[in-house]
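Subject: Structure for you to look at

Hello,

Here is the structure I said I would pass on. Please open it next to this email and follow the notes below.

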Amino acid sequence: MTSKPKKLQTSGEPNRGRTVKIKSKRFIGNPIRKAKPGERDNHPAPSNSHPNRHGGDLPSPVLKNTEDKDSDLIYGRHPVLSALENQRELNRIWVTTRLRYDPRFHNLLLQAKDNGSVIDEVEPKRLDQITEGANHQGIAAQIAPYSYLELPDLIAKAKSVANDPVIVVAEGITDPHNLGAIIRTAEAIGAQGLVIPQRRAVGITSTVVKVAAGALENFAVARVVNLGRALEELKEAGFWIYGTAATGSEPLHTVRFTGPVVLVIGSEGEGLNMLTQRACDVLVSIPLQGKTPSLNASVAAGMALYEVYRQRSLNTLYLNKLQKPL
C-alpha cells in the first residue's frame with residue numbers, strides 16, 4: 001500500500017502577531033508538468049510518495065542576511081588570479097611586495113592598474129586585518145557586486161556551448177562553502193550554469209568565490225525570484241528535470257540522462273520541498289550502504305554530476321566505435 005505524501009509542517013497560526021515579553025522587553029511576533037504527448041515516454045513519472053531528503057548532514061541555519069558583509073571581497077591566489085586573467089572589474093587590490101613581482105601576477109597587476117584598479121602594496125598583517133584573519137595567501141581584491149544572468153540568457157548561453165547542456169539548480173543552499181563547492185565541481189565536470197533562488201539561500205559572496213577557486217570566472221549563475229516558475233521555464237526550453245532525494249523513485253545509476261538536463265539539489269537540512277519534488281520529472285537517489293542517512297549537498301551534487309558525465313562519455317566512445325570502418 002502506497003503511503004500518502006506527508007504534509008509540510010508549518011508554524012501555528014494562533015501565535016502570529018502576539019506580543020511576547022522577555023525580561024521586560026517587548027517583542028512582536030511575525031504578522032500575520034506533465035510531458036507532452038509522445039515526449040520522453042520512456043521516463044518514469046516522479047514519485048511523491050515520500051517527503052525525500054538528500055544532501056543534509058546539518059540542520060539549515062537561520063539566515064539573518066543571505067549576503068556576507070564582505071561580499072565584495074575576494075582573497076587567495078587562485079581566485080584573484082582568475083579574476084585578473086578574466087579582466088573582472090576590480091576596484092582595489094591589496095598585495096604583498098613579494099607577490100606583486102611574482103611573474104604570474106606582475107603583468108596582470110599592471111594591466112589592472114591601467115584599467116583603473118588601485119594597487120596597494122601592503123604588509124601581511126594589513127591583509128590579515130582586511131580579510132579578518134582568513135587565508136589570503138598574500139593578496140586580496142575588492143570586486144564589483146556579482147552580476148547574475150537572467151534565466152533566459154543563461155539558457156541561451158548553455159545551449160550555445162553544448163548540444164545537451166547541463167544546468168544545476170540549488171534550492172535553499174544556505175552554507176556558502178556548500179554553494180562554492182557545488183560551483184567548483186559543476187564547472188570542473190562540464191556543467192553550463194547554475195540557478196539559485198533569491199530568498200532563503202546564500203548568494204555569490206566572497207566565501208563562495210573563495211571556495212569555488214576561480215570557477216565562477218567561467219561559470220554563469222542566474223538568480224530567480226520564483227524557483228517553481230524557473231523550473232517550468234526550463235522544461236519549456238526542452239530540459240528534463242531530475243531532483244535528488246534520499247528516497248527517490250530511481251537509483252542514480254539506473255537512470256538514463258539524455259538530452260538537456262537540469263539537476264536539482266536540495267538544501268542542507270530539508271532537502272527538496274514537496275512543491276519542488278512535484279515539479280521534477282524524475283526523482284533520483286544515491287544508494288547508501290553505510291549507517292549515515294544522508295550526504296552533504298555538495299557531495300550529492302558531485303556524485304550526480306559525475307554520473308551524467310560518465311554516461312555521456314560512454315555514449316560518445318560507443319558512437320565513435322560504430323563510426324570506425326571495420
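In strand 8, Gly-193, Val-195 and Pro-197 point one way, while Leu-194 and Ile-196 point the other way, and all are buried. The model is predicted, so please read everything here with that in mind. The general rule behind the pattern is that side chains in a regular strand alternate between the two faces of the sheet. Here buried means under 20% relative accessible area.

Strand 7 (residues 166–170) runs parallel to strand 8 and is joined to it by 3 bridges; Ile-167 has Gly-193 as its bridge partner.

Val-195 is paired with Ala-222 of strand 9. The chain gets from strand 8 to strand 9 through helix 7 (residues 206–212), and this crossover is right-handed.

Now turn to helix 3 (residues 106–114), where Leu-108, Leu-109 and Ala-112 are buried. Viewed down the helix axis, the buried residues fall within an arc of 100°, so they line one face. Their cover includes helix 1 (77–85), strand 4 (90–95), helix 2 (97–100) and strand 5 (118–121). On the face turned away from the buried side are the exposed residues Asn-107 and Asp-114. Just after helix 3, Gly-116 has a positive phi of about 110°.

Regards

Note on methods:
Residues numbered from 1 in each chain as written. Predicted model: local features only at pLDDT ≥ 70, side-chain atom pairs only at ≥ 80, totals over all residues. Heavy atoms only, no water. Buried < 20%, exposed > 50% of the residue type's maximum accessible area, 1.4 Å probe, protein only. Helix = DSSP H or I, 4+ residues; strand = E, 2+ residues; numbered from the N terminus. Arc of directions from axis to C-beta. Contact = heavy atoms within 4.5 Å. Pairing = 2+ DSSP bridges. Right-handed = clockwise from strand over helix to strand, strands pointing away.
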